[in-house]
Amino acid sequence: MAATLQEILLTPDNRPKVVADCQTLIDQEVSDKSGISGTAIKLAYKTVTAFASGIIHDAVDALLPDFVAKLEPYWADFTASGGAEFGDYLAKRGGEVSEALLSVTDERAEKSERAPLKKAYSTVRPSGVKNVEAALPRLGALIQKYAG
């Protein structure tokens, strides 16, 4: 039986590397944004990172188990189906996967008592599905890197 994402990504050896790779992925995705919505995302990201310098790293580390849990059924289906590229698999289910992942950040934002962070999140959340969908091929490749 194939290893679960938890067994692959959350080991003491892999977790710090996965967190660092996720932060790089986020930086790349933000950098790639353009237009009015891209400007809003870049501003929100700058606001959040200026508010607390290690916040992206810490947030990824804190949320990683929840993200992994949301991705686990997709990984199980992908491995059972013998797919080649997990990024392609995720992209084909873009809206569904994006909403599953965003449910984690929605819950966290709801519970946050940091007004600047809540405001920044509420600014970018309306375009969240589209932006997460755009990142799914990179996310799938990142996950597959550790699974191989």
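Me: A helix here is a DSSP run of H or I covering at least four residues, with numbers assigned from the N terminus. Which helix gives the largest share of the lining of the largest pocket?

Reply: In this predicted model, helix 4 gives the largest share, with eleven residues of the lining. At least two lining residues also come from each of helix 2 (15-32), helix 3 (35-51), helix 6 (94-111), helix 7 (115-124) and helix 8 (128-147).

Me: How much space lies in that largest pocket, and which residues are the closest to its centre?

Reply: The space in the largest pocket comes to about 1400 Å³. Its lining consists of 44 residues, and I26, L63, F67, T105 and Y121 are the closest to the centre.

Me: How do the residues of this lining divide into nonpolar, polar and charged?

Reply: The lining of the largest pocket holds 33 nonpolar residues, together with four polar and seven charged ones.

Me: Why is V60 called buried?

Reply: Buried requires a relative accessible area under 20%. V60 has a relative accessibility of 9%, and therefore it counts as buried.

Me: Where does V60 lie, and which residues is it in contact with, leaving aside neighbours within four places in sequence?

Reply: V60 belongs to helix 4. Beyond those sequence neighbours, V60 is in contact with V19, C22 and I26. The C-alpha atoms of V60 and V18 are 9.2 Å apart, although 42 residues separate the two in sequence.

Me: What makes A84 exposed?

Reply: The term exposed applies over 50% relative accessible area. A84 stands at 60% relative accessibility, so it counts as exposed.

Me: Where does A84 lie, and what does it touch, not counting residues up to four places away in sequence?

Reply: A84 is placed in the loop that joins helix 4 to helix 5 (86-92). With those sequence neighbours not counted, A84 touches F78 and Q144. Between A84 and K145 the C-alpha distance is 12 Å, for a sequence separation of 61 residues.

Me: Why does G95 count as partly exposed?

Reply: Partly exposed covers the range between the buried cut-off of 20% and the exposed cut-off of 50%. The relative accessibility of G95 is 31%, and hence G95 counts as partly exposed. This residue, G95, is found in helix 6. Apart from neighbours within four places in sequence, G95 is in contact with V129 and E133.

Me: How do you know that the radius of gyration of the chain agrees with that of a compact globule?

Reply: For 148 residues, a compact globule would have a radius of gyration near 15 Å; the chain has 15 Å, and therefore the two agree. Along the principal axes, the C-alpha atoms fill a box of roughly 45 × 30 × 25 Å. Of the 148 residues in the chain, 39% are buried.

Me: How many helices and strands does the chain have, and what share of its contacts with a separation of 6 or more joins residues 24 or more positions apart?

Reply: The chain has eight helices and zero strands. Residues 24 or more positions apart account for 75% of those contacts.

Me: What pLDDT does the chain average, and which elements have the lowest and the highest mean?

Reply: The average pLDDT of the chain is 91, and 99% of the residues score at least 70. Among the elements, helix 7 has the lowest mean pLDDT, 80, and helix 5 the highest, 96.

Notes
Residues are numbered from 1 along each chain as its sequence is written. This is a predicted model: local features need pLDDT of at least 70, side-chain atom pairs count only at pLDDT 80 or more; totals for chains, interfaces and linings use all residues. Side-chain values use heavy atoms; hydrogens and water are left out. On a 1 Å grid over the protein atoms alone, a cavity is a set of points where a 1.4 Å probe fits but cannot get out, and a pocket is an open set with protein on both sides within 12 Å along at least five of seven lines; lining residues have an atom within 4 Å of a point. Grid points are joined across faces, edges and corners, and a volume is the space filled by probe spheres set on the points. Ala, Val, Leu, Ile, Met, Phe, Trp, Tyr, Cys and Pro count as nonpolar, Asp, Glu, Lys and Arg as charged, and the others, Gly among them, as polar. Buried means under 20% relative accessible area, exposed over 50%, partly exposed in between (1.4 Å probe, protein chains only). Contact means heavy atoms within 4.5 Å. pLDDT is the predictor's confidence in each residue, from 0 to 100. The radius of gyration is taken over C-alpha atoms; the globule rule is 2.2 Å times the number of residues to the power 0.38.
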